[in-house]
Amino acid sequence: MTEAAFSNGTVLIVDDTPGNLALLSDTLSEANYRVLVATDGSSALEQIQYIKPDIILLDVMMPGIDGFETCSRLKADPATAAIPVLFMTGLSELENLLRGFGEGALDYIVKPIRPAEVLARIEVHLTQTRNLLRAEQLLNHGEFAALAVDAGGQIHWRTPAGARWLADFKAFQGVDVALDSDSVLPEGMLGWFQRWLRQSGRTEADSEPHRLVPGFAVTVNACEQPGEYLLLLQRDDAQWSPQTLRERLKLTFREAEILMWIARGKTNKEIGIILSTSPRTVNKHLEHIFEKLGVSTRAAAVALAMQRG
């Protein structure tokens with residue numbers, strides 16, 4: 001195997017003091033980290049464009065742009081914002097430490113550098129960051145449909161599957177998605193949610209799914225963030241089957257199968273894998289479905305199928 005295969009991760013050290021660079025580089029290399037070095041903020045930012053580290057050790061006082069400005073630029077760029085930054089500083093004044101956190105740093109290391117402390121802090125923050133990235137990947141690529149909202153129905157967070165659920169729900173209600181607000185619950189859902197808040201007193205979670213309309217159910221769960229509620233969104237399509245869809249919508253059996261999987265949020269590629277066919281063939285069947293139902297979008301086809309169901 002290559003050396004990279006055994007690496008614990010890549011660390012970028014940004015410091016203008018040769019002695020610090022040497023000590024940190026030796027410490028991290030011996031602990032099986034891949035080490036990158038930069039002697040000022042500008043060269044660090046340039047280097048990150050080519051190789052993105054897993055974590056950055058960033059000196060506060062440097063020539064040119066200092067550590068605070070370097071961190072600020074890193075956090076302003078979506079491509080580097082998620083990289084954890086640990087400040088290294090000989091300054092003990094509270095205002096400097098607070099400023100570092102305000103720029104987006106996760107932690108700080110006070111000089112003189114103690115190798116054991118550096119390794120411990122890097123390990124903790126890398127573990128936390130990697131766990132967070134795993135969770136984000138699961139939510140972004142999975143079928144977990146959820147929203148976090150406040151008592152007024154403002155949407156503070158959603159998963160991609162949750163966004164698709166909302167779009168289909170709006171299509172079912174005949175709402176123009178292009179004109180409707182994307183930051184607040186749609187009217188039919190908002191009314192139910194606010195009634196639930198009044199009845200529950202905002203102190204309990206709804207353990208049973210509530211069916212808003214045919215095909216769409218919601219459960220309210222407790223949220224760790226005060227003042228927010230987690231809405232779990234479900235497709236209530238158990239009554240669907242290819243046979244019933246074929247009969248009700250005058251589709252072929254394969255078209256009914258494809259429409260059923262579309263209603264469950266699957267892409268053409270995923271449906272092709274499930275049905276052992278190509279995405280191109282799935283798309284051709286989808287064109288026939290649109291023509292037979294008199295619609296032009298996937299969401300409209302699902303909404304029409306649910307209305308007739």
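Is D59 buried or exposed? Select D59 and find out: the residue is buried, with a relative accessible area of 4%. Buried means under 20% relative accessible area, exposed means over 50%, and partly exposed lies in between, using a 1.4 Å probe and protein chains only.

**Before you go on**

This is a predicted model, in which local features need pLDDT of at least 70, side-chain atom pairs count only at pLDDT 80 or more, and totals for chains, interfaces and linings use all residues. Residues are numbered from 1 along each chain as its sequence is written, and side-chain values use heavy atoms, with hydrogens and water left out.

**The whole chain**

Show the protein chain as a cartoon. It has twelve helices and ten strands. Helices (H or I, at least four residues) and strands (E, at least two) are DSSP runs, numbered from the N terminus. Of the 309 residues, 42% count as buried. Now consider contacts, meaning heavy atoms within 4.5 Å. Among contacts with a separation of 6 or more, 54% are between residues 24 or more positions apart.

**Stop 1: D59**

Return to D59. It sits in strand β3, residues 55-59. UniProt lists D59 for "modified residue: 4-aspartylphosphate", in an unreviewed entry. UniProt positions are given in the numbering used here, feature names are shortened, and annotations may be inferred rather than shown by experiment.

Which residues does D59 touch? Not counting residues up to four places away in sequence, they are V14, D15, D16, G67, M88 and K111. Select them together with D59.

**Stop 2: K111 and P112**

Stay with K111. A cis peptide bond joins K111 to P112, with omega about 5°. Zoom in on P112, which lies in the loop between β5 (107-110) and α5 (115-141).

**Stop 3**

Select T10 next. This residue is in strand β1, residues 10-14. T10 is buried, at a relative accessible area of 11%. Leaving aside neighbours within four places in sequence, T10 is in contact with R34, L36, P53, D54 and I55.

Move to L21, in helix α1. L21 is buried too, with a relative accessible area of 12%. Beyond its neighbours within four places in sequence, L21 is in contact with I13, D15, V37, A38 and T39. Now draw a distance from L21 to L36, C-alpha to C-alpha. The two are 15 residues apart in sequence and 9.9 Å apart in space.

**Stop 4: two positive phi angles**

Where does N32 lie? Look in the loop between α1 (18-30) and β2 (34-38). Phi of N32 is near 75°, a positive value in a residue other than glycine. N32 counts as partly exposed, at 34% relative accessibility.

Jump to K250. It is found in the loop between α8 (242-249) and α9. K250 has a positive phi of about 60° although it is not a glycine. K250 is exposed, with a relative accessible area of 66%.

**Stop 5**

Two packed helices are described by the angle between their axes and the distance between the axes. Axes are lines fitted to C-alpha atoms, for helices over the stretch in contact, and angles run from 0 to 180 degrees between N-to-C directions.

Select α8 and α9. Their axes come within 8 Å and cross at roughly 110°. The two helices are therefore roughly perpendicular to each other. Angles under 35 degrees count as roughly parallel, over 145 as roughly antiparallel, 65 to 115 as roughly perpendicular and the rest as oblique.

Show the side chains. P242, Q243, L245, R246 and L249 in α8 meet F253, A256, E257, L259 and M260 in α9. By class, this contact has seven nonpolar, one polar and two charged residues. Ala, Val, Leu, Ile, Met, Phe, Trp, Tyr, Cys and Pro count as nonpolar, Asp, Glu, Lys and Arg as charged, and the others, Gly among them, as polar.

**Stop 6: α9 against α10**

Which residues meet here? R254, E257, I258, W261 and I262 come from α9, and I271, I274 and L275 from α10. By class, the contact has six nonpolar, no polar and two charged residues.
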